[in-house]
Amino acid sequence: MPKRLLSSRWLPVLGLISLVVLLIACTPEHPQSTFEAAGPVAKSQLNLFWILFWMSLAIFIVVVGALLFTLFRFREKPGTALPFQTHGNRKLEIAWTVAPSLLLIALAVITVQTLFALDSPSQDDPLQVEVIAHQWWFEFYYPEYNVTTANEVNVPVGRDVAFKVDSRDVIHSFWVPKLRGKIDIIPNVTNNTWFSASEPGLYYGQCAEFCGIAHAFMKFRVVAQHEDEFLEWVAGQQAPARFATEGLASEGSLVFNTKGCITCHTVAGPDSAAMRDSRTASFLGGQNLVHAPNLAHFASRGSFAGSMFENTDENLAAWLRDPEGVKPGNRMARLADAFNNPDMALSESDIEALVAYLQSLQ
Ligand SMILES: [Cu+2]
């Protein structure tokens, strides 16, 4: 007898680990699960997955079943004579060459059909959105409305949204698991993708291509709204930025302008020509190119800094106090250093005023 590989005292431990792994899959919330398809594109991708899965499972059961049956049924028993020796069986061999070929052809047909069906939007007049990926946050531009925003992309329910994706630095990937599979975002290459959301709600997206130190914190959200709410949102984004004229918010506005925030961020409006984002960006010391989120309507967004934080006063204060501490590696922290401006240091009262100001930018 060979020595047993697994001594029995490890079995309970293994069992326990498997149980824990299994139970983790049972959390009630699955914000990024491809198994909860929330739109037609994701549904047809999920459908394809299930066809592949069940077919593969059926083949697995038949093949492994036949193998196990043969192993047990024809195993050596004491006293049995050498069985009849045979070589080859033409009919069987033809059968197990032809059957898998047919299966593979069937799978190829369904796959290619799905690929073509999902290649371009099904509606004639999709909403156009340009996705501009930055280390480590997403920017969204609506050419139809001349609106630039960050971290959250608002879309109307039931309407196809055509995304043109591009990067300002390295390779990223655009992925909203409940709405569609990934598309790579490659600098100087324009890729296209599209999806639509069937129900209003928040859908969580993620950069899915390692893109540097804060990659894990490069998230975004799709905010699917009914048409009228969406148009209301558009009107809000198109409105000129509010300028605080009194109270703490107006003190904050002063801090914003004197502490260098304005070097990287615009608060000037939906897509002011001067700061046609971040897509023109500001130069620091002639070498560091900084892309920063448009803050003109910052308070209308539910999250910030790559959708890492909910947009609350406490989180915002923590961000301004120590950007590097809360989102390690981010470019606001690092380039603020490069900016080499000792006056950037914010006092607690500066922070309080900035929070009031930023939260007034509806
Ligand atoms: Cu990334």
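In helix H10 (residues 348-358), the buried residues are Ala-353, Leu-354, Val-355, Tyr-357 and Leu-358. A residue is buried if 20 or more other C-beta atoms, placed from the backbone, lie within 10 Å of its own. The cover over these residues of H10 includes helix H5 (247-258) and helix H7 (313-321). Helices (H or I, at least four residues) and strands (E, at least two) are DSSP runs, numbered from the N terminus.

The model is predicted: local features need pLDDT of at least 70, side-chain atom pairs count only at pLDDT 80 or more, and totals for chains, interfaces and linings use all residues. Residues are numbered from 1 along each chain as its sequence is written.

Two packed helices are described by the angle between their axes and the distance between the axes. Helix H2 (residues 40-73) packs against helix H3 (residues 90-117) at an angle of about 170°, with the axes 10 Å apart. Axes are lines fitted to C-alpha atoms, for helices over the stretch in contact, and angles run from 0 to 180 degrees between N-to-C directions. H2 and H3 are therefore roughly antiparallel, a term for angles over 145 degrees.

Elsewhere, 5 strands form an open sheet with mixed pairing, in the order E3-E2-E1-E5-E8. Two strands pair if DSSP finds at least two bridges between them. Strand E3 (147-150) and strand E8 (191-195) stand at the edges with a single partner strand each, so one side of each has no neighbour in the sheet. Strand E5 (residues 161-167) runs antiparallel to E8, joined by 5 bridges. Opposite Asn-192 in E8 stands Lys-164.

Note on methods:
A residue is buried if 20 or more other C-beta atoms lie within 10 Å of its own, exposed if 12 or fewer, and partly exposed in between; C-beta atoms are placed from the backbone. Two residues are in contact if their C-beta atoms, placed from the backbone, lie within 7 Å. Angles under 35 degrees count as roughly parallel, over 145 as roughly antiparallel, 65 to 115 as roughly perpendicular and the rest as oblique.
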